[in-house]
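Trainee: I have a structure to read and I am new to this. Please show me how to go through its features.

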Amino acid sequence: MTHILDGKMVAAKVKKEVAETLKANGLHASLAVVLVGDDPASHIYVEHKNKDCEECGVFCRTHWMDGNFKQDFVANYVQSLARNNDIDGILVQLPLPEHMNAAKVLAEIPPEKDVDCFTTANIGRLYSGDAFLKPCTPAGVMRLLDEYGIPLSGKHCVVIGRSNVVGKPMAQLLLDENATVTVCHSKTENLRDICRSADVLIAAAGNPGLVTRDMVKDGAVIVDVGMNRNADGKLCGDCTREAYEVSRFYTPVPGGVGPMTRAMLMQNVMMAAANRRGLDLNYKGEN
Ligand code: NAP
């Protein structure tokens, strides 16, 4: 019997928790979103973030900038947001226009306001077991697995993808829960057999149809992080429907990992706001 891991439902629960915790602590959290240029997908993502903030009672302001601006101007602007004491979290919507070096712009975000967990300092803390903010997508996957009581300790978890945003931090968070982790990538040999030995298979390749039925062990858990468009322009993950069918649990696309990523951003803004005020929230979803 196959069940879904309902990211939409759990994300709504997390956002409600955030809203209630903020209210109970009289905490006013604020997020600054920097949006550069006219990429339509980025505009939609930022709209979603504004909506999430509204739901959670987080003050959110989007700072839009012309895509032709010089990198230094954008970096200096982020620096000014960093100095602004009223702002708890800063998020630079990626991708930036091609003429900009994203790492240089992101480097202007101080770790305590780095709600995406992209700065070197926060990544370092994550890998040394001392994370205070965790990257939203992997943290969202962990919360979703936890909500459904999916055991990880001693289990073989296979992560397809080794990006800094998803694959690598995902592997680290699984390791922190005592999973035995294998990370695969485009040069991995024998991907099929490695995936077939997974108790939990996390696909984050951005490659529609990559994970087929013969790559999934009967009763495995599939987390499909992929967000792709199929030939009909419909949103789809990295796994085929037939692959989902042999699993015990899987995350649908849409409605699985995506909403969890958004919810974890709200949690990070709240944690950043509390941390800046030296407040211990005693928050149950605290990661
Ligand atoms: P990325 O930076 O492009 O990384 C993709 C990774 O997958 C790379 O490590 C790549 O290997 C590996 N890969 C690609 N094709 C492969 C293949 N055929 N076999 C094995 N490995 C393969 O992408 P990303 O930022 O990590 O994102 C991955 C996917 O997740 C995308 O679809 C993205 O849209 C989605 N995503 C979703 C959310 C969400 O909230 N749902 C959030 C973030 C990302 P190499 O390193 O060897 O190139």
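**Reading the model**

Mentor: Accessible areas come from the Shrake-Rupley method with a 1.4 Å probe, and for residues only the protein chains shown count as cover. This is a predicted model, where local features need pLDDT of at least 70 and side-chain atom pairs count only at pLDDT 80 or more, while totals for chains, interfaces and linings use all residues. Residues are numbered from 1 along each chain as its sequence is written, and side-chain values use heavy atoms, with hydrogens and water left out.

Trainee: Which residues are closest to the ligand?

Mentor: A residue is near a molecule if one of its heavy atoms lies within 4 Å of it. Here 21 residues surround the ligand, and the closest are Arg162, Ser163, Ser186, Met227 and Thr261. By class, the shell has 9 nonpolar, 11 polar and 1 charged residues. Ala, Val, Leu, Ile, Met, Phe, Trp, Tyr, Cys and Pro count as nonpolar, Asp, Glu, Lys and Arg as charged, and the others, Gly among them, as polar.

Trainee: Which helix gives the most to that shell?

Mentor: Helices (H or I, at least four residues) and strands (E, at least two) are DSSP runs, numbered from the N terminus. Helix 10, residues 257–276, gives the most, with 3 residues.

Trainee: What is 2.7 Å from an oxygen atom of the ligand?

Mentor: Think of polar contacts: pairs of N or O atoms within 3.5 Å. Within protein, one atom must be able to donate a hydrogen and the other to accept it, and residues adjacent in sequence count only if both atoms are side-chain atoms. An N or O atom in the side chain of Arg162 is 2.7 Å from a ligand oxygen. A polar backbone atom of His185 is 3.4 Å from a ligand nitrogen. The protein covers 70% of the 920 Å² of accessible area that the ligand has on its own.

Trainee: Is Asp52 buried or exposed?

Mentor: Buried means under 20% relative accessible area, exposed over 50%, and partly exposed in between (1.4 Å probe, protein chains only). Asp52 has a relative accessible area of 1%, so it is buried. Asp52 sits in helix 2, residues 40–56.

Trainee: Which peptide bond is cis, with omega near 0 degrees?

Mentor: Look at the bond from Val253 to Pro254. Pro254 is in the loop between strand 11 (249–250) and helix 10. The bond from Leu94 to Pro95 is cis too, with omega near 5 degrees.
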